[in-house]
Amino acid sequence: MVRTPTLWEETSAMMGGVAALPEDVTALEELASNLPPDAAALLKGFTNPHYIKMSITGLKIFNTALTSVLERRAQGKKVAFYCFSFPRELLDAMDMAPVCTEAAGIIPVLALGCEQYIDAPVNAGLPDTICGGHKASVGMIIEQAEIMPDVIINAGPGSCDPNAKLHEWMAETWNVPLLNLDAPYYHDERSFQYYRREFRRMVERLEEITGQKVDYDRLREILENSNEQIELYWEIQELKKAKPYPLSNIYCVLVELMKYIWSGRPEAVEYFRIARDTAAELVRKGEGAFPNQRARTLWTYSGVYYDMELFRWLEEIGVAFVQDCFGWYPDKVIDTSTVDTMIDGLSDRTLNQPMTRQHKGAWDGPAGWAEDMIFLARELDIDACIYSGNLACKQTWGVLRLITERIRNELGIPTLRLETDILDKRITPVSVIKEQIEEFISTLE
Amino acid sequence: MIIAGCDVGSLSAEAVIMRDGAIISSEIIRVRPRPEQSATDVMDKALEKAGLTYKNIEYCVSTGYGRERIPFADNNISEISCHGKGAQWLVPSVRTVIDVGGQDCKVIRVDENGKLVNFVMNDKCAAGTGRFLEFMAKVLDVGIEDLGPQGLSSLNSVAITNMCSIYAETEVLHYVYEGKNPADIAAGINRSMAERVNSLVKRVGVEEDICITGGVAKNTGVVKNLEETLQVSAQKLPVDPQSVGAIGACLFAKEELGNRDR
Amino acid sequence: MVTREAEELTRLCETLSNPFIESWKKEGGKVVGYPCTYVPEEIIYAAGILPFRLRGTGCVGTSLADTWLVRTANCSFARSVLELALTGEYDFLDGVVFNNGCDHTRRAYENWKAQEKTPSFMHMLPVPHVLTEDGLQWYREEVATFQDHLQKSFGVEVKGKSLKEAIRVYNETRRLLKQLYELRTKKAPPITGAETLKIVIASASMPRDTYNQLLRELLKEISNREGISDYRARLMIVGSVNDDPALVELIEDTGGLVVADSLCFGARFFWDLDEGTGDTIDSITARYYYHISCPRMYGAYPQRLDFVKNMAKEAGVDGVILQAIKFCDLHGVENALLEKSLENEGIPTLKLEREYGPLADTGRFRTRVQAFLERLGR
């Protein structure tokens, strides 16, 4: 029997306090001080004064997105778990309750510090080398703190074995239909066509399994929002080039979460608009988002997510988290004129999502990891790279030396190599991470 | 019928001699550099105590890390089976044995005859073994046997969050520097230990009654924490928990003898 | 009695190269290495080249490979293969063809490729992760590209006739090895699991025609042997790649006899024959695409589970050992599924994590296997 309240309900209730906040740093800090330590640390990451409006908007979206899933589930809508690279817009247009597998685990653990859910899958027999994000999402269901999905969309095959295998495990263990989207190795026309056919087959199967049809008019509306997000995203990418750096470090991780949990919704567009407006204003005034900036950093894979306060701490020591691989969306605007252009557009976009794009093929191939990182390092005038090595990311660890040498040889930029778990704070204490970052940054000066 | 069991572990060696189904002698020593030496030394002592010689032993089973190198053993059986067997014989209602040793941790499920049903073992990581307690006792500058009682007197245990013993050590040091009450730190250590063991228990599941064996069973703080986490009371063993393996080996000797004579 | 040559066959697993390969090369023959059951060997064979399945044999440490792949996240088998490549042990190869079997192997390939000194022929043959008609077509195209590259690089031409012959020879091996496995289902199998592995490894380490001939000889001798009956239990091994008979010996030393497997250096390597329908390239491609799958194929778990259950039933298996190399998530996660599925059907399992390489943790391993046998009541 799944417990009540479920974990998401609990998280949503906690987030409810945030939703009621005015856009004021002191109010946020006060709320944080009255919450348990994990939630407090989470909120502290959002306290950059220039970006309080963006931060509160982002935090409210967490609440809205979570509540929406709970409501829709209560209404009997089909719950789909999807790997983060999959476009939730499609599921929204099918009137389903979409849940990003990774975010589903990450958000409650961050807010409520529920480490026992990270341990549960290993206790159930899974190897401990799988990704922390997945451990949490699977763990909460194993521990009956959350309800199982109705369908699982595995968009990981090709780019990450543990991700894809975990989705299969869920489907087989809980007897839930599994839809696989095989990412082809290359990035050429043939590959995009292959993927489009995969994608279309998936849509058909999804409609069959759930009994829901895609409402293409609704999809058009949603995609028009996504398109606006993309345009704003690109504007912000341009604004990022300014010196001093005009964005709060929390922007990058929020961008990812927005995409995973609420892309295509007006609130997400609003988020990007606020970010763009705030950044543009700072650039106009020639100001940075935080003082005494020392280094512009590119995080070549993910950030460190188990302690969001780290993003604010980086600002305090003058280090800008300018870009990470997971927040890199070289998305094109989708042509919403016909059903075909929309579906193909979604398919093409999915193949271009972080992790899939860089790691389905060769590290040094077109749209591969090296090409993307070098492009970003140049575009954004990066001083240093940081690889926050999630221990489960075997495909990136395997070519880390190759890429760090390439970046150093071509651009003269060094890379700090961290070893940590993406979500489990008990593996490498954040104090050790901070020490290593501080030492690294000081060597640049 | 005189039978014997000998358990040569990595830290201690035990010997148990039974006559007609009752234990007549048992001995525990610290291991010698070679398992054959440990086995012979401990069995010599046990025999002396019972006023017997090797010739009197009709069947001997060895177990433990050094089990394959015991010259006087007729057969060897894994310490997993032996612990399960021994514990269930001592307390017939036992179905789950949690053995927390110096170097490893095992959870053993047995049936009503003490026969092995399932097991899981952690012998790669210090967390959840006696070694973890050893590190921590050193950091706190107390004897390992004091951690239990000290921890029990605490009302406000600290939280030790790091999984890796190396980082946990640093965490404990910080608490020491901060001047935290040593009893509270000891309690935190015991709780962390219990959590690791609990993780292992979950992999194979619990069927009551349970009992805790191995050196760490003497740490009352860890035992209490484990009971709280599992929400089950552990049955007390009527003998030194470290001798359970050798007792099990002895019982297997009886069975092997029975089979042989058939 | 068998010929000395047939006996030699069971020793090929002890070294990487061997006298068969040496004489092949002396006569001007070329050798191309490959790591995985999804590479269509017949293509290589038909080009007159010797396909050699990559192993980690003889690797005692991975200190060089660990500066490319990492000890803390990458599979020790992939690291061992890379180590041998970096230390020149694979210099006897004239080329390699890899596929994106798993994250570890494909990265091993990329690190090898990035070295200053590399084999003159290196090819990546990407295989889909799903079993669809579209995927088959993709795979077909990749195989054609591979064949083309191979032909151009080595200045050879593969004709339909030579492909047909290749299929015949490879099917012959498959039939013979299946016969060998059939012998193991007897109550008193004439051969141990360790010896079986040696024979399977040999198939991918020497010219195939000669192998078939020697295997035929060996089979005759083996089937006339007195069976092994003093074992405690009949075991099956499932999981990550293993090219080391010592691992099987370690298991068999405890008294269990390994009578079946679902391994890629085992049954999965040869179980499915080429059905020979249609054009030869098509039938080769279909056979490789649809052969009993590796856990890398998504949506195919039910078939793999059935395969394991059928093998276990045919061989009268008492217990199944599910092993995975540390960091191997494909098998690690699959084993978690298999453990539940098999135990639910009353088939006892032992789940083990291991490292590939010189068996440093033999004590740990033995204790668990011994306890498993004790659990089986044997």
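Helices here are DSSP runs of H or I with at least four residues, strands are E runs of at least two, and both are numbered from the N terminus. The model is predicted, so local features need pLDDT of at least 70 and side-chain atom pairs count only at pLDDT 80 or more, while totals for chains, interfaces and linings use all residues. Residues are numbered from 1 along each chain as its sequence is written, and chains are lettered from A and ligands numbered from 1 in the order in which they are written.

**Exercise 1. A sheet in chain A**

Task: work out the strand order of the open four-stranded sheet in chain A, and say which strands stand at the edges.

Solution. 
- Step 1: trace the pairing, where two strands pair if DSSP finds at least two bridges between them. The order is 6-5-7-8, and the pairing is parallel.
- Step 2: pick out the edges. Strand 6 (319–324) and strand 8 (415–420) of chain A each have a single partner strand, so one side of each has no neighbour in the sheet.
- Step 3: Neighbouring strands are turned by 30° against each other on average, direction ignored; the axes are lines fitted to C-alpha atoms (for helices, over the stretch in contact), and angles run from 0 to 180 degrees between N-to-C directions.
- Step 4: zoom in on one pair. Strand 5 (residues 295–299) and strand 6 of chain A run parallel and are joined by five bridges. A:Leu298 stands opposite A:Gln323 in strand 6.

**Exercise 2. Two domains in chain B**

Task: describe how domain 1 and domain 2 of chain B meet.

Solution. 
- Step 1: Domain 1 covers 1–91 + 239–262, and domain 2 covers 93–236.
- Step 2: take the C-alpha centres of the two domains, which lie 26 Å apart.
- Step 3: count contacts, meaning residue pairs whose C-beta atoms, placed from the backbone, lie within 7 Å. Domain 1 brings 15 residues to the meeting and domain 2 brings 23.
- Step 4: find the main contributor on the domain 1 side. Helix 2 (residues 79–90) of chain B gives the most, with eight residues.
- Step 5: sort that side by class. Ala, Val, Leu, Ile, Met, Phe, Trp, Tyr, Cys and Pro count as nonpolar, Asp, Glu, Lys and Arg as charged, and the others, Gly among them, as polar. The domain 1 side has seven nonpolar, seven polar and one charged residues.

**Exercise 3. Chain A against chain C**

Task: characterise the side of chain A that touches chain C, then summarise chain C itself.

Solution. 
- Step 1: count both sides. Chain A has 36 residues in contact with 35 of chain C.
- Step 2: name the top element. Helix 9 of chain A gives the most to its side, with nine residues.
- Step 3: split by class. The chain A side divides into 18 nonpolar, eight polar and ten charged residues.
- Step 4: turn to chain C, with 15 helices and eight strands. Buried residues make up 55% of its 378 residues.
- Step 5: box it in. The C-alpha atoms of chain C fill roughly 60 × 45 × 40 Å along the principal axes.

How values were computed. Domain bounds come from an automatic or database domain assignment. A residue is buried if 20 or more other C-beta atoms lie within 10 Å of its own, exposed if 12 or fewer, and partly exposed in between; C-beta atoms are placed from the backbone.
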